[in-house]
Amino acid sequence: MDKLKVRVNAKLNMTLDVVGNFGRGYHNLDMTMISIGVFDIVEVCKADTISVFMDYKECDESNTAYKVAKICNEEYGLPPVKIEIVKGIPFGGGLGGSSADASATLYCMQKLFGLSDSNAKLIATRVGSDVNFMLKGGFCRVTGKGDDLSPLPFKEYSLVVAKSKTSAVTKEVFDNFDKIGVVTDFTKKFVNALGNGSELQFIGNGLQSVTQSLCEDMTKVIEVLSKYSHYVCMSGSGTCVFAIMENMNDANLLADRLKVKMNYIKACTTLPYGIKEC
């Protein structure tokens, strides 16, 4: 087999707390992450040189998928590859789009050329904080710098995910959190409530107020979604916002109703996997 095509799902943070600082720009996080039906399609095939194309445009070496391929080639002796990405995960939304492409590339390198699980995890940690989760998928509590995973019992939620025109710059969000942010404990309460089904009252994101101060049009998205759901929150460092709905019929109807008002909106469900072969 010389090529492989996969679907890689986005991640959603049901909760996110910044609970400390490691220094050098790294923050100690406590989060819950779950895979959702917003996805990229990634195809990897053996080639003479490494290249990455995203929506048919060639990417440079700063692309996370390129970084994965380069490490695999130069440090682990795996063949160079051509990577073709069709984006479905919005940019700058806190859904892990670049990490998704890196994890899909790692998955393909494992399947095509025998890269071990342990080496894949080491590479994942190097290229992006969310990559290890994206490689695993499902539902996890994620701590540390984002690479310590503890599986949670999977739950299916019906969602509407929307994004403002403005995108968040992750470094800027965390830099501002260090100045004005407040330590929160949404994750602990959410996880403790999973057993009795009352977890949704504890969804929350400790970065949300900081991102709203930087991306004011996100506030309008929150206000609109809050008219239709009691459970509305930002994912990651933003600016995607999700609303939890009663069922997928309600989610589809709302996404259809609001599509002319939103820069990006999609109804989806949570999923128990991160990557699936096409």
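The conversation below covers salt bridges, helix faces, the surface and some backbone details.

Colleague: What kind of model is this, and what pLDDT do local features need?

Modeller: This is a predicted model, in which local features need pLDDT of at least 70 and side-chain atom pairs count only at pLDDT 80 or more, while totals for chains, interfaces and linings use all residues. Residues are numbered from 1 along each chain as its sequence is written, and side-chain values use heavy atoms, with hydrogens and water left out.

Colleague: How many salt bridges does the structure hold?

Modeller: There are nine salt bridges in the structure. A salt bridge here is a side-chain nitrogen of Lys or Arg within 4 Å of a carboxyl oxygen of Asp or Glu.

Colleague: Which residue meets Asp-101 in a salt bridge?

Modeller: The side chain of Asp-101 meets that of Lys-87, at 3.3 Å from N to O. Asp-101 lies in helix 2 (residues 97-113) and Lys-87 in the loop between strand 5 (81-86) and helix 2, so this pair ties together parts that are 14 residues apart in sequence. Helices (H or I, at least four residues) and strands (E, at least two) are DSSP runs, numbered from the N terminus.

Colleague: Is Asp-101 buried or exposed? And what about Lys-87?

Modeller: Asp-101 counts as buried, at 1% relative accessibility, and Lys-87 counts as buried at 17%. Buried means under 20% relative accessible area, exposed over 50%, and partly exposed in between (1.4 Å probe, protein chains only).

Colleague: Which residues are linked with Lys-87 in a network of salt bridges?

Modeller: Asp-40 and Asp-101 are linked with Lys-87 in such a network.

Colleague: Now Glu-199, please. Which residue does Glu-199 form a salt bridge with?

Modeller: Glu-199 forms a salt bridge with Lys-155, and their closest N and O atoms are 2.9 Å apart. Glu-199 lies in the loop between helix 6 (186-193) and strand 9 (204-205), and Lys-155 in the loop between strand 7 (148-151) and strand 8 (158-163), so the pair ties together parts that are 44 residues apart in sequence. Glu-199 is buried, with a relative accessible area of 2%, whereas Lys-155 is partly exposed at 24%.

Colleague: Where do Asp-175 and Lys-171 lie?

Modeller: Both lie in helix 5, four residues apart, which is about one turn of the helix. Asp-175 is partly exposed at 32% relative accessibility, and Lys-171 is exposed, with a relative accessible area of 60%.

Colleague: Staying with helix 5, which residues are buried there?

Modeller: In helix 5 (residues 170-180), the buried residues are Val-173, Phe-174, Asn-176 and Phe-177. Seen down the helix axis, they fall within an arc of 165 degrees, so they line one face of helix 5. The arc is that of the directions from the helix axis to the C-beta atoms. The face turned away from the buried side of helix 5 carries the exposed residues Lys-171 and Lys-179.

Colleague: What are the buried residues of helix 3?

Modeller: Ala-120, Ile-123, Ala-124 and Val-127 are the buried residues of helix 3 (residues 117-127). These residues cover an arc of only 105 degrees around the axis, which puts them on the same side of helix 3. Exposed residues Leu-122 and Arg-126 are carried on the face of helix 3 turned away from its buried side.

Colleague: Changing topic, how far apart in space are Ile-83 and Val-44?

Modeller: Ile-83 and Val-44 are 4.6 Å apart, C-alpha to C-alpha, and 39 residues apart in sequence. Ile-83 is in strand 5 and is buried, with a relative accessible area of 0%.

Colleague: Lastly, the backbone. Which peptide bond is cis, with omega near 10 degrees?

Modeller: The peptide bond from Gly-238 to Thr-239 is cis. Thr-239 is in the loop between strand 10 (232-234) and strand 11 (240-245).

Colleague: What is phi of Asp-55, and what is phi of Tyr-56?

Modeller: Phi of Asp-55 is near 50 degrees and phi of Tyr-56 is near 75 degrees. Asp-55 is found in the loop between strand 3 (51-54) and strand 4 (57-58), and Tyr-56 lies in the loop between strand 3 and strand 4. Asp-55 is partly exposed at 33% relative accessible area, while Tyr-56 is exposed at 72%.
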